[in-house]
Amino acid sequence: MNALISTAVFGIFLMISGLFIKSKQAIRILAISGVVAAFVLNIIDFRQYGASATELFHGMLSVTNFGLLFIEIILGCVLVYFLLSGKDLANIGHYTGEYFALIFFILCGVVLAATYGNMLMLFLSIEIMSIPQYILAGSDKHNLKSHEASLKYFLMGAFSTGFLLMGIALLYGATGSFDITTMNLAGRPIDAMALAGIILIAFALAFKVSAAPFHFWTPDVYDGAPTVVTSFISTIVKVGGFVAFIRLFHIAFGSPDVDKHWLLVLSIITAATLIIGNVTAVFQQSVKRMLAYSSISQAGFMLFAVIAMNVLSWQGILLYAAAYSLATIGCFAILMKMKDYTYDGYNGLAQKQPLLALMNTIFLFSLVGIPATAGFLAKYFVLSAAVEKGGLLWLVILAVCCAAISAFYYFRLIWAMYFKAGDCQVEEHAITPAFKSVLALTALLVIILGVWPGLILAWI
Amino acid sequence: MPSPSYPTLWPFLIYGILVLLLAGGMLFISHFLGERHQEKETDEVYEAGIEATGTARLLFPVHFYLIAMFFVIFDLEAVFIISWAIAIRDVGWGGYLAVVIFVAILVAVLIYEWRIGALNFGPQGKKILRAYRHKIKGVNHNEVVDKQNN
């Protein structure tokens, strides 16, 4: 488990080095090299693990090549994030080393989420992911909204963690095991205790991935937190929550006589998430808030991978993780360069910065799910997984309708950039050739994944 | 969650309803039967019976809070190490390695805390002196401004 160890060690290393190195630039380069090192070390790990689970640390971790591939995708997205937005992250406040260290601690939690084999590790991974987020959300100390976001997130997060622990305790009472593979719910009649446990865990995880009706913290937190932090917590961490979700529900609760008990609940959660996320996003005036609601609606699509439970859904969540994270990180990176966060602030961007407008269009196309972008294939995989599962056709039709609604608010931004005259204010000095080229490479990656998903899927 | 396989769950349901009724009843009845005063000092801040000297919204140092937090952290760490010490022969070298890693993380955290100055308690002469000088300078500055205005 090179990725787990390297992210944890780099986190501590960056925390200490932030005290001794004054140059923000040097710390940023250290952090980037840390992600690259973890990326390479994880590739080396890849040969040792196959499709069947390898148990490590007495069954605490169960590593598969799916988990490792997921970690690889996450580390790649973090690399893109650091290259695009690392300067903004370093400039939130005085504590540059700490910001990067907290990001690495979150990564450590995501790695655990992709490889846990035990309910205790699930709890630990969710907590390691959450606690640094509370701090990062409040890292803009001069902004009252940032404080509000941090406190709200903390209270809501603590609440949902309570649900998670109660659910785990009830399941332990019903089955006598914390291990997700030997829990063996299928071999016995499901009693009230196990059912209550499953539902409580489902609610807690729905909280963490901001699925409706547990999404109320999301817009305020994503809006209040510094934009560069929002970019991270709405992509990497949300996707990390999903991998924990999908692994638990497929491995522990996935057998057909168990899943009939929770399938309807999660289907309703999915439907509510799709409708609420998309319809509310239509009414937003701020692009940052629109992206917050869009992250709720994209969570609705990712929930399809949880409820479908077949090979297509495993492939779908991998593609969705890459497509959604890359496109959203790109959108946020451009948003950070704007001085006005409303739709009108984008007016006339195509004349002023044609490359930025073009890249933003590609990212938005991917979020809508236009063919030949990664977002299209990701949506195709999760929806066809649901069709293959059967009995979920009403949900798939609803999702397609919601994707059509989502085109409205994404295209509104493209409309503002290309067809509205205006004088948008851009931070010109921050748009360096390096930034532009990384942005172009990210957009290229979005398109390559859209026409050749084998780049990711060939590995499992 | 009452279900046919768990007929013994209904006392729990009744207990839950009773708890709600009791808590709700207390609030409800005291709303109607409770005494009400509307006198000169009813809305005053209660400060141990004497008259309030000022607002409660003032800044105060949070050192005690920090000490309490460090106490909890280091106390908990001691608990982990003691629980290792009890099982030292059973867990063997693997356990020793785990504790070494654990203590190494503690050392890293200690270095961090030391360096950011979280362990400096009590009044610090240099800081007070600097603040005092700053204040004197500020006063002088104000006087200059006042003279110009006059």
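Axes here are lines fitted to C-alpha atoms, for helices over the stretch in contact, and the angles between their N-to-C directions run from 0 to 180 degrees. Helices (H or I, at least four residues) and strands (E, at least two) are DSSP runs numbered from the N terminus. This is a predicted model, in which local features need pLDDT of at least 70 and side-chain atom pairs count only at pLDDT 80 or more, while totals for chains, interfaces and linings use all residues. Residues are numbered from 1 along each chain as its sequence is written, and chains are lettered from A and ligands numbered from 1 in the order in which they are written.

**View 1. Helices α1 and α2 of chain A.** Helix α1 (residues 2-20) of chain A packs against helix α2 (residues 24-46) of chain A at an angle of about 165°, and their axes are 9 Å apart. The two helices α1(A) and α2(A) are therefore roughly antiparallel to each other, a term used for angles over 145 degrees. The crossing in which α1(A) passes α2(A) is right-handed, meaning that the near helix is turned clockwise from the far one by less than a right angle. Among the residues that meet here are Phe10(A) and Leu14(A) in α1(A), and Leu30(A), Ala31(A) and Leu41(A) in α2(A); two residues are in contact if their C-beta atoms, placed from the backbone, lie within 7 Å.

**View 2. Helices α11 and α12 of chain A.** The axes of helix α11 (residues 287-308) of chain A and α12(A) cross at roughly 175° and come within 9 Å, and α11(A) and α12(A) are therefore roughly antiparallel to each other. On the α11(A) side the meeting residues include Leu291(A), Phe301(A) and Met302(A), while those in α12(A) include Ile317(A), Tyr320(A) and Phe332(A).

**View 3. The largest nonpolar core.** A nonpolar core is a set of buried Ala, Val, Leu, Ile, Met, Phe, Trp, Tyr and Cys residues joined through C-beta atoms within 7 Å. A residue is buried if 20 or more other C-beta atoms lie within 10 Å of its own, exposed if 12 or fewer, and partly exposed in between. The largest such core has 180 residues, of which Phe304(A), Tyr320(A), Ala322(A), Ala323(A) and Val382(A) touch the most other members. Helix α12 (residues 311-336) of chain A gives the most to this core, with 19 residues. Beyond its neighbours within four places in sequence, Phe304(A) is in contact with Thr270(A), Val382(A), Leu383(A), Ala385(A), Ala386(A) and Ala399(A).

View 4. Leaving out residues up to four places away in sequence, Gln315(A) touches Phe381(A) and Leu457(A). Gln315(A) and Met417(A) are 102 residues apart in sequence, and their C-alpha atoms are 34 Å apart in space.

**View 5. Helices α14 and α16 of chain A.** The axes of α14(A) and helix α16 (residues 393-419) of chain A cross at roughly 175° and come within 9 Å, which makes α14(A) roughly antiparallel to α16(A). The contact is made by residues including Leu364(A) and Leu367(A) of α14(A), and Tyr410(A), Leu413(A) and Met417(A) of α16(A).

**View 6. Backbone details in two loops of chain A.** In the loop between α7 (192-208) and α8 (217-224) of chain A lies Pro213(A), which is joined to Ala212(A) by a cis peptide bond with omega of about 0°. Ser210(A) is placed in the loop between α7 and α8 of chain A as well, and has a positive phi of about 55° although it is not a glycine. With 27 C-beta neighbours inside 10 Å, Ser210(A) counts as buried. Ala372(A), in the loop between α14 (354-368) and α15 (374-389) of chain A, is a residue other than glycine with a positive phi near 75°, and counts as partly exposed with 13 C-beta neighbours inside 10 Å.

**View 7. Chain B and its helix α1.** Chain B has 4 helices and 0 strands, and of its 150 residues 0% count as buried. Ile14(B), placed in helix α1 of chain B, is exposed, with 9 other C-beta atoms within 10 Å.

Methods
Angles under 35 degrees count as roughly parallel, over 145 as roughly antiparallel, 65 to 115 as roughly perpendicular and the rest as oblique.
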